[in-house]
Amino acid sequence: MRHLYYIAMLIVAVLLSGCNGDIFLDEPDIPISTEVTIEGNGGTAEFTIPTKGLQNISLNYFSSRQDCTYYNSKGDIIDSSSPASEVSLIVCENSLRRFEIRKDGSRLVLESISNTSHYESHEEVVLEYSYGNRFINVVILPGEPMKLESVHYNSELRVTDDAMTKVFRMGFENTSTSDLTYLEYPYLNRYPYVLVEPMINTTDAWVKDIPVSMDVPIYKNGEWVMVQQSGIRPGFEYIYPGPDYLTSVEVTVPAQSNGYVITEMKYACADVSGTMYFLNETLGHRVPINFNMSSYYPVSYEIRIETTD
């Protein structure tokens with residue numbers, strides 16, 4: 001019987017050696033890595049996590065830790081390196097979004113209050129235990145985007161009659177012994193356009209994803225007027241109707257010659273600067289974006305022939 005006793009003790013020792021003292025059978029464990037997807041405005045995910053051996057709660061390096069504030073159960077701000085036992089709430093907020101991590105005992109709630117991005121955003125919650133880390137990857141879907149609240153122009157409209165010349169070349173080869181005449185359409189595919197250029201840094205790149213309605217300078221009936229246009233995307237050319245694209249000019253190509261038909265198109269320009277104010281309606285945050293606006297219109301052209309023989 002003595003040898004049976006030693007065998008039983010050996011089995012117990014092996015079982016105990018495979019267990020970490022920080023892991024208790026009365027608490028559920030969670031996978032090393034978990035992924036969850038939530039809505040951008042008001043989406044939540046809830047987890048029951050083990051609390052034994054839990055040392056810290058944080059966000060991973062690619063998450064926006066610089067705008068996160070830690071609170072204890074009394075609502076006092078505490079240091080981000082505080083032990084997990086003292087952390088009750090983590091709020092990550094800027095003008096564009098708000099993400100919260102709430103802990104109450106073993107209950108962990110993740111909530112996206114606002115996400116104005118047009119794309120999915122990602123957060124990784126790190127639970128640091130004495131026996132290893134657990135990761136919760138949070139995919140946050142786009143929520144309500146920023147809204148253009150108002151536009152203020154802080155300069156008068158500046159007009160330059162001869163602001164830019166664009167040169168267009170079309171090659172030809174006339175092997176005939178006679179001159180050839182054809183129609184050139186100088187305004188075809190040469191549209192007027194407006195460019196609203198936001199003065200931003202990389203953190204404000206979201207403004208280029210938002211089509212807005214605003215007053216822009218339009219050349220109409222021989223003069224510049226401010227007209228509200230929709231579908232303006234800051235940072236991208238907005239094309240509007242210009243001269244009759246069916247306007248044609250007879251061009252004669254000399255016999256037995258090679259060369260180019262060259263069209264020089266002159267553009268007038270109207271410039272104005274100002275500030276756009278965007279609103280995060282969920283959080284009530286307003287974001288000013290300064291901009292320069294230029295509107296170009298083709299006002300005259302010159303067509304000539306250059307031979308290369």
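Trainee: Is cysteine 68 buried or exposed?
Mentor: This is a predicted model, where local features need pLDDT of at least 70, side-chain atom pairs count only at pLDDT 80 or more, and totals for chains, interfaces and linings use all residues. Residues are numbered from 1 along each chain as its sequence is written, and side-chain values use heavy atoms, leaving out hydrogens and water. Buried means under 20% relative accessible area, exposed over 50%, partly exposed in between (1.4 Å probe, protein chains only). Cysteine 68 has 15% relative accessibility, so the residue counts as buried.

Trainee: Which cysteine does cysteine 68 join in a disulfide?
Mentor: A disulfide is a pair of cysteine sulfur atoms within 2.5 Å, and by that rule the count is one. Here the S to S distance is 2.0 Å, and the partner of cysteine 68 is cysteine 92.

Trainee: And what is the handedness of the disulfide between cysteine 68 and cysteine 92?
Mentor: Look at the torsion about the S-S bond. For cysteine 68 and cysteine 92 that torsion is about 100°, so the disulfide is right-handed.

Trainee: In what sense do strands β4 and β6 pair?
Mentor: Strands are DSSP runs (E, at least two residues), numbered from the N terminus, and two of them pair if DSSP finds at least two bridges between them. Threonine 69 stands opposite valine 91 in β6. With four bridges between β4 (residues 68–71) and β6 (residues 89–93), the pairing is antiparallel.

Trainee: Which are the edge strands of the open sheet of six strands?
Mentor: The order runs β2-β8-β7-β6-β4-β5, with antiparallel pairing. An edge strand pairs on one side only, and that gives β2 (43–48) and β5 (77–78).

Trainee: How many aromatic pairs are there, and what is the geometry of tyrosine 153 with phenylalanine 291?
Mentor: Rings of Phe, Tyr and Trp (its six-membered ring) pair if their centres lie within 6.5 Å; planes under 30 degrees apart count as stacked, over 60 as edge-to-face and the rest as tilted. A search of the whole structure turns up eight pairs. Tyrosine 153 and phenylalanine 291 sit 6.1 Å centre to centre with 90° between the planes, making them edge-to-face.

Trainee: How far apart in sequence are the parts that this pair ties together?
Mentor: Tyrosine 153 lies in strand β11 (residues 147–153) and phenylalanine 291 in strand β20 (residues 285–307). The pair therefore ties together parts separated in sequence by 138 residues.
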